[in-house]
Amino acid sequence: MKSFHSLSSAMLVAAAILIHPSHAAAQYSDDAFEDNFPSAANEVAELEKQFWMCDYAATAGHVVVDDAVPCSVIYEALKRLKFDGDFELLTDWWRESKFGEHEALERAHQAQAVSEGTDLAEFPDSI
């Protein structure tokens, strides 16, 4: 069974590096923060994207065993980098954002399904 989303090995490695405490401390120290701000913002934005994909897949029942570990790593990295490890802040943000994020992912999932169905329907005799 194909997973709703496939998290690449590179994303898993990147997320694992992000949550390593020495990396986070060095990358986000006061001295280096300004120099790393665009990179840090991009990393958090990518983690948020992956977090919502995992959350939506889990809610919709599309998570397969292979996705559990990468999704856990992404969750932990996001909690550490965006919310300074504060579970309550993450939970509040999740509650406020979940409906809109899931709605957007559902629209994207439906559009992809229509696109894939259209591609197959256009060339039924070509295979």
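Trainee: How many salt bridges does the structure hold?

Mentor: Start with the general idea. Side chains of opposite charge can pair when their charged atoms come close. Now the case here. This is a predicted model, and the structure holds four salt bridges.

Trainee: Which side chain meets Lys82 in a salt bridge?

Mentor: That of Glu48. The N to O distance is 2.6 Å. Lys82 belongs to helix α4 (residues 65–83) and Glu48 to helix α3 (residues 30–60), so this pair ties together parts that are 34 residues apart in sequence.

Trainee: Is Lys82 buried, exposed or partly exposed?

Mentor: Read the relative accessibility. Buried means under 20%, exposed means over 50%, and partly exposed lies in between. Lys82 has 34%, so Lys82 counts as partly exposed.

Trainee: Which residue forms a salt bridge with Glu76?

Mentor: Lys79. Their closest N and O atoms are 3.5 Å apart. Both residues lie in helix α4, three residues apart, which is about one turn of the helix. Now compare their cover. Glu76 is partly exposed at 32% relative accessibility. Lys79 is buried, with a relative accessible area of 16%.

Trainee: And where do Arg107 and Glu103 lie?

Mentor: Both are in helix α5 (residues 87–122). Four residues separate them, about one turn of the helix. Arg107 is partly exposed at 49% relative accessibility. Glu103 is partly exposed too, at 38%.

Trainee: Let me step back to the whole chain. How many helices and strands does the chain have?

Mentor: Five helices and zero strands. Read from the N terminus, the order is α-α-α-α-α.

Trainee: What share of the contacts joins residues 24 or more positions apart?

Mentor: Take the contacts with a separation of 6 or more. Residues 24 or more positions apart account for 74% of them.

Trainee: What about burial and surface?

Mentor: Of the 127 residues in the chain, 29% are buried. The accessible surface comes to about 8300 Å². Carbon and sulfur atoms hold 58% of that surface.

Trainee: Which residues have the most contacts inside the largest nonpolar core?

Mentor: Look for Leu47, Phe51, Leu78 and Trp93. The core has 16 residues. Helices α3, α4 and α5 each give two or more residues to this core. The most come from α3, with seven residues.

Trainee: Two of those names are aromatic. How many aromatic pairs does the count come to?

Mentor: Four. To read a pair, check the ring centres, then the angle between the planes. Planes under 30 degrees apart count as stacked, over 60 as edge-to-face, and the rest as tilted. Take Phe51 and Trp93. Their ring centres are 5.5 Å apart and their planes stand at 45°, so this pair is tilted. The pair links distant parts of the chain, with Phe51 in helix α3 and Trp93 in helix α5, 42 residues apart.

Trainee: Are Phe51 and Trp93 buried or exposed?

Mentor: Phe51 is buried, with a relative accessible area of 8%. Trp93 is buried at 14% relative accessibility.

Trainee: How are the rings of Phe83 and Trp93 placed?

Mentor: Their centres are 5.3 Å apart and their planes are at 50°, so the pair is tilted. Phe83 sits in helix α4 and Trp93 in helix α5, 10 residues apart. Phe83 is buried, as is Trp93.

Trainee: Which residues form the aromatic cluster?

Mentor: Phe51, Trp52, Phe83 and Trp93 form one cluster. Find Trp93 in the structure, then trace its tilted pairs with Phe51 and Phe83.

Key:
Residues are numbered from 1 along each chain as its sequence is written. This is a predicted model: local features need pLDDT of at least 70, side-chain atom pairs count only at pLDDT 80 or more; totals for chains, interfaces and linings use all residues. Side-chain values use heavy atoms; hydrogens and water are left out. Buried means under 20% relative accessible area, exposed over 50%, partly exposed in between (1.4 Å probe, protein chains only). Contact means heavy atoms within 4.5 Å. Accessible areas come from the Shrake-Rupley method with a 1.4 Å probe; for residues, only the protein chains shown count as cover. A nonpolar core is a set of buried Ala, Val, Leu, Ile, Met, Phe, Trp, Tyr and Cys residues joined through side-chain atoms within 4.5 Å. Rings of Phe, Tyr and Trp (its six-membered ring) pair if their centres lie within 6.5 Å; planes under 30 degrees apart count as stacked, over 60 as edge-to-face and the rest as tilted.
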